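Me: I would like to go through this structure with you, one piece at a time. Let us start with the words we need.

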Amino acid sequence: MIVIDQEQRIFTLHTSHTTYQMQADPYHVLLHAYYGPRVEEDMTYLIRRADRSHTPNPDEAGNRRDYSLDTLPQEYSTCGVGDYRIPSLEVEQADGSHAVDLRYTGYEVRKGKYTLEGLPAFWGQEAETLILFLEDPASHVVAELYYGVFEDVDLITRAVRIVNRGEKPVRLLKAASLCLDLPYAAPLDIITFAGRHMMERCPTRTPLAPGIQGVGTTRGLSSHQNNPFVMLCRPDAGEEHGLCYGAMLLYSGSFEAMAERSQLEDCRLVMGINPYHFSWTLEPGGAFQTPEAAMVCSPSGFGQMSRRFHRAIREHLLRDPYEGRRRPVLVNNWEATTFDFDADKLVEIAQAAAPMGIELLVMDDGWFGDRDDDYRALGDWAVNLRKLPGGLEALVPRIQELGMRFGIWVEPEMISEDSALYRQHPDWALAIPGRAHTRGRSQLVLDFSRQDVRDHIYGALKAVLSSAEITYVKWDANRTLATVWSAQLPSERQGEVYHRYVLGVYDMLERLHQDFPQMLIEGCAGGGGRFDAGMLYYTPQIWCSDNTDAVDRLRIQYGTSFAYPVSAMGAHVSAVPNAGTLRTTPLETRGVVAMAGTFGYEMDLSKTTPEERELMARQVRFFKEHYDLIQRGDYYRLTDPFENGPFTAWEHVSPDRREALASVVTGPVCGNPPFRTLYLRGLDPALRYRVEGGAAYSGAALMEGGYPLPMELLMGDYQSFQLYLKAE
Ligand code: DGJ
C-alpha cells in the first residue's frame, strides 16, 4: 500500500510486514526516513540534524550550519554538492563539472508494477508503483525514482530513470539502482557472497568498519567471484532472529554494491551497474534506465528474509513455462561423455534413464560444427552430422520413443577463432584495435551490443531449435569479458559497451522466450558464473556450479539459498569419485543433495549397476512424490555447513505447515559419536506430525526437543537421511 501525506510530503510504502518511508523536506531534498518492520506512524522524527562542522551547507540553508547533505539520510545520493558519502549518481555536465543536485518536483502513483523495457523486472498486477521525480535545477538532469510495492511477499523494488531535460548533452558516469541510508539501524554487519569457479556464493560476514566496504565485479558477467546480492544485519542477528536487510540487483553484468559507515556511524548501501568503464552519453531528451534492485527487510533473521525472497522470485519474477506443472527430471550427458559422444551413445543413456522415471535428455556441448574439444567451432551452430547422422530430426524421435523429451546446450555469446563464423566475421568478436586478444577457455566473446551479430546468431539458433521438438535449452557462457571495444560505437561511447552487451544478452533471451514460450531455459556460465535475479527472469533455473561433489554442494547450495529458491538451483547427481574433487560419497547422499535443487543426473547411466538403477529410480519417485513440498514449500536452513558441525540439514515445509521434509548429510565419521539431535523449524507447535513409517510427535516437541538422529547415520562418512513428516 502506498500512503502519501501531501502536506508533509511524506511517502510511505507498506508491505504486509514492512514499512519504507521518505520525505521531501522544505528545501525539496528527498530524505530517507525509515525502512523496517511495519509501523503505522510518521517516522520522520528519526531524521536528525546538528552542526557536525566540516560538512557543507547548501545555499538555501543560508547560515544554518545544522543542515548538510553530508549528514542527512538521502534517498538517492548526489555528487559534487556537499554529500561526501557514496554517490548514486555521477554526471559529467556539458561544462565539464562533476556535480548534480537533485530536488523533488513531484510524484505519480500507478496501479500494478512498472515494467522496464529491455530489462528484467519483478512483475505483478496486484503490486503498486510510486514514481518520485527529482531534478537538478542547474542542468535539468532528472532522476525518476521508481518503487514497486509487493505487499503479499514483503518486497520493494527500485529502479531509476535518468532523463536529460537540459539543452546540452551530459555524460552519466554512474547511475545506481538503489541507495539505502540506514542511520537508525547502525551498527550493522555486511554479509556478501564471494567465491570462485567450483565454489560459488560462500557467505562472508564482517562488521561494517568506518569507511567503504563492498563487492562487485568488472568481468561483464555477474561472476563466480561475487554475487549481486548483499545483506546488512544487526550484530546480534542470525538465522532465526534479529533485524536484517537483503538487497539484490537484477543484473547479469558488472555490478557494484558498496556500503559505507560514515563519520556518524550510519550506514549507506549503494548498488548498481559497476562504474568501471561505464559512461553513457545523454543527448537532450535522452534517457537511461538503470536495472532493477529489490529489497527485503526481516525482523526475524536470515531465514525469514530468504523465504520472502524465495516467494517473491517464484511468484513475481520467474516466467516458468511449467508454472503450475512440474519441471522434468533430467539427465545431462556432459560429465558422462564430455565431447566424445554420438547419437547411439545418447540413446544408450536415455535407454537407461527412461525406466528410472527420468523425463528429459539434455545433449550438452559438442553436437555442432567440428566441436570435438573446446578449442573450436563456437559460432557454427549447425548439427555435426558425423556424430548425429540425420541431424536432430533423426535423433529426437529416438529419444521420444523412449518416452522422454529432448533438450540441448548452446553458448550463443561466444566465438572460437577456429570456426567458419570467425573466418567470415573476425570483427564480430569484442577486441580493441591494435591490442592483442585476451582468450578465456581459448575462445572470444561476440559483440552482443551489435544488433547484426545478435540477429545472425539468433537466426542460426532458431533454425536448430525449430528443426525438432526441443523442450529445453541450456544457455552457457564460459568466459568473462576483457579487451572490450565495439566496432559500431564511436570512441566517446565505448563506455556503453559493457551495458549494451548485457542488454544484448537479455534481448536474445527475450526473443527465445517469445518465440518458444513453452521452452524451459536453464542459465549457466561455466557453472554458477551468472547466477543472478536478472537471469532468473529469462531462465527460471540456473546451473548452480560445475562442482557436483555432494559435500561441496552442501556449501554452494546453502550460500545460494540466502537469495534464490530451490526451484532456481540446477543440481544433479554425478558419478564418483567426483571429477572435480576426487571425493567419493554414497549415491543416496548425492541424491539427497541434488534434491535440494531442480534434481537430475549427470553421469553415464548405461554404466550403472542394477542396484544403483534401482536406487536412482527410488530417488526419482521420491522426488516426484514430494515435488510441491520441495520446489514450492518454505525453505529452512537448519545448520550452517561452513561451521563444520557433525551434520548439515535443511527442511522444506508446506505453506499450510501440514507437511515437512528434513534432509540431513553427515560429515566425516568419528569414533563413538555423541548422540545427535535435529531441531526442526517452521512446524505448527500444536499439530501432531507422524514420521513416515514411525511415531508421531507434536510440532512443539520436534522443534524444541528435536528428533534424535539414528545411530546408523553416524557410522560412515557423508551419510544421509530424510525425515518426512505429515500432520495427523
Ligand atoms: C560449462 C558448464 O557449466 C558445464 O555444465 C558444461 O555445459 C560445459 N560448460 C560444456 O562446455
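Reply: Helices and strands here are DSSP runs numbered from the N terminus, a helix being H or I over at least four residues and a strand being E over at least two. Residues are numbered from 1 along each chain as its sequence is written, and side-chain values use heavy atoms, with hydrogens and water left out. Please keep in mind that this is a predicted model, in which local features need pLDDT of at least 70 and side-chain atom pairs count only at pLDDT 80 or more, while totals for chains, interfaces and linings use all residues.

Me: Thanks! In which loop is Pro-187 found?
Reply: Most peptide bonds are trans. The bond from Ala-186 to Pro-187, however, is cis, with omega near 0 degrees. Pro-187 is found in the loop between strand S10 (170-181) and strand S11 (189-196).

Me: And what is the phi of His-277?
Reply: His-277 is in the loop between strand S17 (267-273) and strand S18 (280-282). Most residues other than glycine have a negative phi. His-277 is not a glycine, yet its phi is positive, at about 50 degrees.

Me: Which strands stand at the edges of the sheet of six strands?
Reply: This open sheet has antiparallel pairing and the order S32-S33-S34-S39-S36-S37; two strands pair if DSSP finds at least two bridges between them. Each edge strand has a single partner, so one of its sides is left without a neighbour in the sheet; the strands in that position are S32 (634-637) and S37 (696-698).

Me: What does the twist of that sheet average from one strand to the next?
Reply: For angles, axes are lines fitted to C-alpha atoms (for helices over the stretch in contact), and values run from 0 to 180 degrees between N-to-C directions. From one strand to the next, the twist averages 25 degrees.

Me: Which residue in S33 is the bridge partner of Arg-637?
Reply: Strands of a sheet pair through backbone hydrogen bonds, either parallel or antiparallel. S32 and S33 (residues 647-653) run antiparallel and are joined by four bridges. In S33, Arg-637 has as its bridge partner Trp-650.

Me: Let us look inside. Which element supplies the largest share of the lining of the largest cavity?
Reply: On a 1 Å grid over the protein atoms alone, a cavity is a set of points where a 1.4 Å probe fits but cannot get out, a pocket is an open set with protein on both sides within 12 Å along at least five of seven lines, and lining residues have an atom within 4 Å of a point. The largest cavity has a volume of about 100 Å³, where grid points are joined across faces, edges and corners and a volume is the space filled by probe spheres set on the points. Of its 13 lining residues, Leu-554, Tyr-558, Tyr-635, Thr-648 and Trp-650 are closest to the centre. Helix H9 (550-560), S32 and S33 each supply at least two residues, and the largest share, four residues, comes from H9.

Me: How many charged residues are in the lining of the second largest pocket?
Reply: This pocket holds about 420 Å³ of space, and among its 18 lining residues Val-592, Arg-618, Phe-622, Phe-721 and Gln-722 lie nearest the centre. Helix H10 (587-594), helix H11 (610-625) and strand S39 (720-727) are the elements that give two or more residues, with six, the largest share, coming from H11. Ala, Val, Leu, Ile, Met, Phe, Trp, Tyr, Cys and Pro count as nonpolar, Asp, Glu, Lys and Arg as charged, and the others, Gly among them, as polar. The lining then divides into nine nonpolar, four polar and, for the charged residues, five.

Me: How far is a polar side-chain atom of Asp-364 from an oxygen atom of the ligand?
Reply: A residue is near a molecule or strand if one of its heavy atoms lies within 4 Å of it. The ligand is surrounded by 13 residues, the closest being Asp-364, Asp-365, Lys-474, Asp-476 and Asp-546. A polar contact is a pair of N or O atoms within 3.5 Å; within protein, one must be able to donate a hydrogen and the other to accept it, and residues adjacent in sequence count only if both atoms are side-chain atoms. Trp-409 has a polar side-chain atom 3.1 Å from an oxygen atom of the ligand, and for Asp-364 the distance is 2.6 Å.
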